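Here's a quick tour of the model on your screen.

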Amino acid sequence: MSMKKRKEPAVIYSQEKIAEGIYSLWIKTSFAGEARPGQFLGVYINNDAKLLARPISICDVNKEEGLLRMVYRTAGEGTKELASYEPGTEIQVLGVLGNGYESALDTDDLNKALGDKKVIVIGGGIGIPPMLLTAKALDKEPEIVLGYSNGDLFLEDEFEDVGNLHIATVDGSVGTKGTVIDAIKEDEIEGDVIFACGPMTMLKAIKQYARENGMKAYISLEERMACGIGACLGCVCRTVNKDHHTHVNNTRICVEGPIFDAEDVDI
Ligand SMILES: Cc1cc2nc3c(=O)[nH]c(=O)nc-3n(C[C@H](O)[C@H](O)[C@H](O)COP(=O)(O)OP(=O)(O)OC[C@H]3O[C@@H](n4cnc5c(N)ncnc54)[C@H](O)[C@@H]3O)c2cc1C
Ligand code: FES
């Protein structure tokens, strides 16, 4: 199933600010036909001073039109510059990167692999965007739990169309006051499998919750990355078991991940 990674030009189709510091970007690219839930692209900034690609998750695709969407936060200089690009601007992208949920579950048919199992899709903060494509890929409507810091929500209306939406905000302005785990408890959400992306504190809490409740959790570790193609080892994470090839308790998040069975990684 995996195709050769390549760097190629893409053209910005549209760019829209959807919340404070959050942008929705559609690009026209041949990668749209290959993108799987949980995968990401390396986006190059048109500036010689910024040589490394910025890893950004795939949020949605429109295969017919050859369009792919990324929703990102302006974190530093690179993403700030990206946010200034107008439709029609050409950028370079490296794709398609990462294993995705299907590969992490060792399947090429997510729905067949899940069978009757009930899925809870969880996104926290800037980990929310990749969960849209993931939720859309499921045949059966999942329970969806999104965690925001405050009432400046984004993408919630689109998630509402694909599943049963629950919201948690740290300041309590919308939904459950607290974390995604607080929302799961308050709304008595049940499930067998969790798919999640978000900050490390959230992923740790989800690992613990899944373990206590006999659930399987697949989590996306969006750690700091540099090359994105397995060459620099800038993204290694400790694993519970030794790697079959290298015989060390390390894994490269950019190649073997970013999606892992929570019980396989030491977080
Ligand atoms: C697999 C993966 C998926 C991601 N998906 C998204 C997404 O969908 N939306 C989103 O807003 N952000 C996402 N991120 C985080 C995003 O990559 C960083 O916010 C972005 O690279 C920051 O770049 P910058 O130039 O603005 O910041 P700077 O701090 O100026 O970046 C400097 C360097 O650090 C790297 N870097 C900085 N922060 C991060 C970070 N958190 N993770 C990885 N590399 C970083 C950059 O690639 C760059 O090489 C993802 C990260 C990973 C690893
Ligand atoms: S980012 Fe270079 S090996 Fe993963």
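## The sheet

Two strands count as paired if DSSP finds at least two bridges between them; the strands themselves are DSSP runs (E, at least two residues), helices being H or I runs of at least four, all numbered from the N terminus. By that rule, β2 (residues 22-28) and β6 (residues 67-73) pair in the antiparallel sense over seven bridges. Within this pairing, Ser 24 stands opposite Val 71 in β6.

Zooming out, there's an open sheet of seven strands with antiparallel pairing, in the order β4-β3-β7-β1-β2-β6-β5. Its edge strands are β4 and β5 (60-62), each pairing on one side only. From one strand to the next, the twist averages 40° (axes are lines fitted to C-alpha atoms, with angles from 0 to 180 degrees between N-to-C directions).

A word on the basis: this is a predicted model, where local features need pLDDT of at least 70, side-chain atom pairs count only at pLDDT 80 or more, and totals for chains, interfaces and linings use all residues. Residues are numbered from 1 along each chain as its sequence is written, while chains are lettered from A and ligands numbered from 1 in the order in which they are written.

## Around ligand 1

Ligand 1 is surrounded by 24 residues (C-beta atom, placed from the backbone, within 6 Å), the closest being Ser 57, Tyr 72, Gly 76, Gly 78 and Thr 79. The elements giving two or more residues to this shell are β4, β6 and α1 (77-83). β4 gives the most, with four residues.

Domain 1 (6-98) and domain 2 (101-264) both give residues to the shell, so ligand 1 lies between them. The domain bounds come from an automatic or database domain assignment.

## The nonpolar core

A nonpolar core here is a set of buried Ala, Val, Leu, Ile, Met, Phe, Trp, Tyr and Cys residues joined through C-beta atoms within 7 Å. Buried means 20 or more other C-beta atoms within 10 Å of the residue's own, exposed means 12 or fewer, and partly exposed is in between, with C-beta atoms placed from the backbone.

The largest such core has 74 residues, and those with the most contacts inside it include Leu 41, Ile 58 and Val 145. β2 supplies the largest share, five residues. This core draws at least three residues from each of domain 1 (6-98) and domain 2 (101-264).

## A loop residue

Leu 52 sits in the loop between β3 (40-43) and β4 (54-57). Is Leu 52 buried or partly exposed? Leu 52 counts as partly exposed because it has 15 C-beta neighbours inside 10 Å.
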